[in-house]
Structures are given as structure tokens and as C-alpha cells.
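User: Got a model here with ligands in it. Can you walk me through the sites?
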Amino acid sequence: MLTIQHNIDLGEHTTFGCPARAEHAAVVTNIQDLQEAVAYARDKGLAIRVLGGGSNVLLTGNVAGLVIINQIYQRAECVDGHDVHIRFGSGENWHDAVTWTVSQGWSGMENLALIPGTVGAAPMQNIGAYGVEQASIFEELEAFHFESGEIRKYTAVECDFGYRVSVFKRELRDKVMITSVTYRLSLDPKLVTSYRDVQEELAAMSITTPRTLDIYNAVVSVRTRKLPDPRVIGNAGSFFMNPVITAEQASELLEKYPTMPNYPQSDGTVKVAAGWLIEQCGWKGARNGASGVHDRQALVLVNHGGAVGSEVLELAEKIQRSVADTFGITLVREVNVW
Ligand code: FAD
Ligand code: NAP
């Protein structure tokens, strides 16, 4: 039987570690728990929010309503010729899922190693790293609708995946809980080695013809070296999305800032590195009370210890203003602010 907890500490459930309490919370391990939790919220007229690993949430105050903490675990695979279809319960840890698939010799998830959080949150912002997005291996998902109590299947088209966005981050935000995700992996690796860090790591490992496991090891090694570990210093990864601007705006900026990293997209727009823009504005290593900008990766805001969410948000807003004033670019938050 499901237990509803009251007034619980939420900070420890997020990687930023800013303090906040949940009015009501329930750990759900299966669909029946979920149905009971949603019925409880409906009876009491409570808003519902879903928390996975808490690695993309900034808490700025106590959370009213019911927080569902997702612990739905399941793995079921089916091999079909060269394809492997794997259905994951949405509470499965993402990195453990990647590690398991690579250890089975299945290819597709290796570039996405060491991303914190749960499988169920991966479609939400269409997680991506080193040239691969989860959309490229996505087959379908199931989502429980809070209002109707229905479980609905979604194809990739219905999820409307974009750059760090999907229908679940827009129209369906806080209206559904993703309960399972099915990915299609392959026994025939199509490896992506387009990012310089991955290429350099493979070269340092003296690997000229990489296999799936080599890419996985290279990504784990680069990320371990470059990115701040939330167990050591609170953070939620990239605080802002990389802006995508018009080709015209990019060429004007490149005249003024010839070293600005820029990545032309297939639709003619240009992606620019938010971390570089923030660094140019002098924010790398800066502090605002106990919150700060990481000293090696300016796109990551950190909790030096005891930071409250409003301090982090205030720092983020200062950075947004300064990047807008300098480059005429609006940085959009990637992190979900609660
Ligand atoms: P949470 O933080 O718990 O939730 C995030 C949002 O998704 C919330 O709005 C929540 O309500 C919603 N949500 C969660 N689960 C569900 C569900 N089952 N159904 C419906 N909604 C749900 N992201 C990348 O894309 N690429 C990276 O390389 C990357 N690297 C990171 C590195 C570090 C060190 C950190 C701290 C974060 C990084 N992230 C990265 C961000 C984060 O790990 C991902 O967004 C991840 O998918 C979040 O998973 P989570 O379970 O922790 O989600
Ligand atoms: P990086 O290699 O220093 O590159 C900076 C930015 O330039 C990245 O954000 C990346 O965009 C872009 N970029 C670099 N090489 C590119 C290429 N060959 N083609 C297209 N775009 C390129 O980045 P980093 O900070 O060390 O992160 C490495 C990877 O991990 C990135 O893919 C990044 O998205 C991912 N990551 C994400 C988070 C998060 O919270 N979202 C946190 C840490 C790392 P993209 O971001 O579009 O890839």
C-alpha cells in the first residue's frame, strides 16, 4: 500500500541541494502506486509534480501539492535481427541503463554515458551529449495522464523532440508522468565521433578503430575530468541552453568576435556555445553569496554549500542580462525551476 509522506526535505533529492520541503510526497514503484497517488492528489485538489533523479531541477521554495518520486524499475529486451528493442521502467537510472546496454554489446546509447537522472526524464528535454540525442534511438514511450487516469503511448513524432525540448517540457509539463520508454539499439554500431573531446580521448587511448565500448569509455573519461561531480559540488549541469541564432546574426557577431565557437545547423541557423558567451562576460568562477559559476565550465552554476535557490536564480538573471547586453543574445534556462 502506498504511503503519503508530509513536509519532507526535497533538497536531498536534487543534485543542486538547495533547501525546500514538499507538502506531500509519495515514492511510486509501479502503476498501482501511481494510480493511488494521483487519486489522493485528486481527492485533495493537489497539484502534482514528478521528480526523477532531481538532476535538472532548481528548488527556489517549498513545493505545494504532491511530489511523486519515481522508482518504477523494469528492463525487458527483445532482439529482432540486428535491432534490439529495450523497454525501461521510467525510474531506471540512465547511466546504469547505458552501462548495461554497452556491456551487452548493443550500440546507440554510448555517447550519452554518465548523464545523471532517470530514463523517464530523458525524453522530457530530449537529453543529448557529444553529437547524439536520445531521439535518435527512441522508439516509443508510455505516459500516465493525471487528469484522465489514462496511459497513452507516444511515438517520436508525437513527442515532438527538438533541441533539449519535447512536448513534455511544453504542453504536457506537469500533466503526465512518463512510465516507460522503449529504445531501439543495434548490433551494428554506427558510432558518432564528431566531437573534438571524444576524438582526442580516443587518440590518447591509442584507438584508431573504435568500438561501442571505446566510445563509452572515452565519454566517461572526458566527463569525469571536465564536469563538476554533483556529489562534490551541487549543480544541475548546463544551466542554460545553447542559443540557436540566425546565420545573419552569427556572421555579424563573428566579425566582432572571430574566435566565437559556432556550429551551423542543417536548417541554416547557427548554434553558439552559451558557456563561451558567459565566460567572455567575465562570469567564470564568479560568486553570488553561496552560489557561483563553475571555475572550469561557465555554463554550470554551482552551490558552494548552503546556497538557496533564489540566490542561484538571481545569479542566473545577472548572467542573462550581461550576455544580452554584450552579444544581443537571450539565454534561455535549461534547468526546471520549482
Ligand atoms: P529531474 O531533475 O528529476 O526532473 C527534470 C524535469 O523532468 C522535471 O520538470 C520533472 O518534473 C520532469 N520529469 C522527471 N521525470 C519525469 C517523468 N517520469 N515523467 C514526466 N516528467 C518527468 N542533460 C543533457 O541533456 N545532457 C547532458 O550531457 C547532461 N549532463 C549533465 C551533467 C550533470 C553533472 C548534471 C547534474 C546534469 C546533466 N544533465 C544533462 C541534465 C540532467 O541530467 C538531465 O536533464 C536528466 O534527464 C534529468 O533527469 P532526472 O531524472 O534527474 O530529472
Ligand atoms: P564542449 O565540448 O566544451 O562544447 C561546448 C558546446 O559546443 C557544447 O555545448 C556543444 O553543443 C557544442 N559543440 C562542441 N563540439 C561540437 C560539434 N562538433 N558539433 C556541434 N556542436 C558542438 O561541451 P561540454 O560542456 O564539455 O559538454 C560536452 C557534451 O556534454 C555536450 O554535448 C553537452 O551538451 C553535454 N553536456 C550537457 C550538459 C547539460 O546539462 N545539458 C551538461 C554537461 C555536458 P551541444 O551541447 O549541443 O552538444
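User: Which N or O atom in the side chain of Arg-164 question first: how far is it from an oxygen atom of ligand 2, and what is the distance in Å?
Analyst: It is 3.1 Å from that ligand 2 oxygen. A polar contact here is a pair of N or O atoms within 3.5 Å; within protein, one must be able to donate a hydrogen and the other to accept it, and residues adjacent in sequence count only if both atoms are side-chain atoms.

User: What ground rules apply?
Analyst: The model is predicted: local features need pLDDT of at least 70, side-chain atom pairs count only at pLDDT 80 or more, and totals for chains, interfaces and linings use all residues. Residues are numbered from 1 along each chain as written, chains are lettered from A and ligands numbered from 1 in written order, and side-chain values use heavy atoms, without hydrogens and water.

User: Which other polar side-chain atoms lie by ligand 2?
Analyst: Asn-242 has one 2.8 Å from a ligand 2 oxygen. Glu-334 has one 2.7 Å from a nitrogen of ligand 2.

User: How much of ligand 2 does the protein cover?
Analyst: It covers 80% of the 790 Å² of accessible area that ligand 2 has on its own. Areas are Shrake-Rupley with a 1.4 Å probe; for residues, only the protein chains shown count as cover.

User: Switching to ligand 1. How many residues surround it?
Analyst: There are 33, and the closest include Val-50 and Arg-223. Near means a heavy atom within 4 Å.

User: New topic, helix α4. Which residues are buried there?
Analyst: Val-198, Glu-201 and Leu-202, in a helix spanning 196-204. Buried is under 20% relative accessible area, exposed over 50%, partly exposed in between (1.4 Å probe, protein chains only). Helices are DSSP runs (H or I, at least four residues), strands likewise (E, at least two), numbered from the N terminus.

User: Why do they line one face?
Analyst: Down the α4 axis they fall within an arc of 100°, so they share one face; the arc uses directions from the helix axis to the C-beta atoms.

User: What's on the face turned away?
Analyst: Arg-196, Ala-203 and Ala-204, which are exposed.
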